[in-house]
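Here's a walk through the model below, going from charged contacts to a helix, then a sheet and a surface patch. Keep the structure open beside the text as you read.

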Amino acid sequence: MTCLSDEGGASLLSEMVPRRLSIKGESLEGYLECPPERVFPVYARGVWRPPESEPAVSVSGSGDPIWDAVREEAKLEAEKEPILSSFLYASILSHENLEQALGFVLANRLQNATLLAAQLVDIFYDVIVNDKAIQCAIRLDVRAFKDRDPACISYSSALLYLKGYHSLQSYRVAHALWKKGRKVLALALQSRVSEVFGIDIHPAARIGEGILLDHGTGLVIGETAVIGDRVSLMQGVTLGGTGKETGDRHPKVGEGALIGASVTILGNIKIGEGAMIAAGSLVLNDIPPHGMVAGIPAKVIGYVIEKNPSLTMKHDASRDFFEHVAVKFKGGRSTGVQDPGGNIEST
């Protein structure tokens, strides 16, 4: 790893940076005439190059539509906001594939005085390039952010700016390190992610693909928690234990579940596939598949029609149900519990 403080480091970076950059046919000649260490301050602690002994993962071109879209978006953004062109070049356009770009972005977000960016880049790249499951997951995750979060305007914006995505991919690297027995390094990454992003995911937790951590602030996922594929979690969610017990003590969330803001789920309980939990609920017992729950403590108030409510993100899905109850039982009393067949039990 060559650092800019080393003799010849700046000249190496100069070779990496074209003196003439053309975007959409418009020349930016002269824009990069200042010293490269000033144009790319994010390289201040080191210059990344893939190890010669390892084949670079190249999934760019028609074989990787996500990466192609990220690059096209970055080019358009650089054209619209020239002040960000050096940042976009360093973060996206100078890299060969999504793995390299992601490792670079995460390293520069998480670096500090003792975890140098150059060291973190090497760690992220080494893990991601040798783990096909992570390579698949980072693409399914970024698609989940783009498809489900209306505030996510592009794939590149998720890659560059969304801390929910950053913390999730940092967890994936930490989880891989944990499984390899490098637990101290995995915990160091967890601690740094918690400090920078305000999101605490234990590296031993098991999380599926196509996950959305919307906003993410205050999210806590415990050591033995399990989250299935295509789950969406809002800010402030806690998947925690119930005390000082050891062993398997955290929730298991089924595929396609939608968990609202500030939901607390405690203990080794099961959240069924396609379940929806209303914001602010406290869940202490199992939830049936496609169950709709709310309250403190949470109770089943109905059943979700959608197979994967995490994909539709309809947090107000219970509104029609309550309106139906109010009209049908006007002047009477109802438990407000609806079974999967659409029948309502009343008292």
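D64, E99 and R139 are tied together in a network of salt bridges, a salt bridge being a side-chain nitrogen of Lys or Arg within 4 Å of a carboxyl oxygen of Asp or Glu. Search the whole structure and you get nine salt bridges. Bear in mind that this is a predicted model, where local features need pLDDT of at least 70, side-chain atom pairs count only at pLDDT 80 or more, and totals for chains, interfaces and linings use all residues. Residues are numbered from 1 along each chain as its sequence is written, and side-chain values use heavy atoms, with hydrogens and water left out.

Now for a salt bridge that reaches across the chain. R172 pairs with D141, and their closest N and O atoms are 2.9 Å apart. This one links distant parts of the chain: R172 sits in helix 9 (residues 163-179) and D141 in helix 7 (residues 132-148), 31 residues apart. Helices here are DSSP runs of H or I with at least four residues, strands are runs of E with at least two, and both are numbered from the N terminus. Are R172 and D141 buried or exposed? Both are buried, where buried means under 20% relative accessible area, exposed means over 50%, and partly exposed is in between (1.4 Å probe, protein chains only).

K80 and E77 both belong to helix 3, three residues apart, about one turn of the helix, and their side chains meet in a salt bridge at 3.3 Å, N to O. K80 is exposed, with a relative accessible area of 58%; E77 is partly exposed, with 30%.

Stay with helix 3 for a moment. Spanning residues 65-80, helix 3 has 16 residues and runs 22 Å from its first C-alpha to its last, close to the 22 Å expected at 1.5 Å a residue (the expected span is 1.5 Å times one less than the number of residues). Its buried residues are I66, W67, V70, E73, A74 and A78. Looking down the axis of helix 3, these buried residues fall within an arc of 135°, so they line one face of the helix; the arc is that of the directions from the helix axis to the C-beta atoms.

Six strands make an open sheet in the order 5-8-11-14-16-17, with mixed pairing. Its edge strands are strand 5 (212-213) and strand 17 (299-303), each pairing on one side only. Two strands pair if DSSP finds at least two bridges between them. Strand 11 (residues 258-259) and strand 14 (residues 276-277) pair in the parallel sense over two bridges, and I259 has I277 in strand 14 as its bridge partner.

Finally, have a look at the surface around I83. I83 lies in the loop between helix 3 and helix 4 (85-93) and is exposed, with a relative accessible area of 67%. Together with L84 and Y161, I83 forms a nonpolar patch on the surface, with about 310 Å² of accessible area in total. Patches are made of residues with over 30% relative accessible area and no salt bridge, with like charges joined within 9 Å and nonpolar side chains (Val, Leu, Ile, Met, Phe, Trp, Tyr) within 5 Å. Accessible areas come from the Shrake-Rupley method with a 1.4 Å probe, and for residues only the protein chains shown count as cover.
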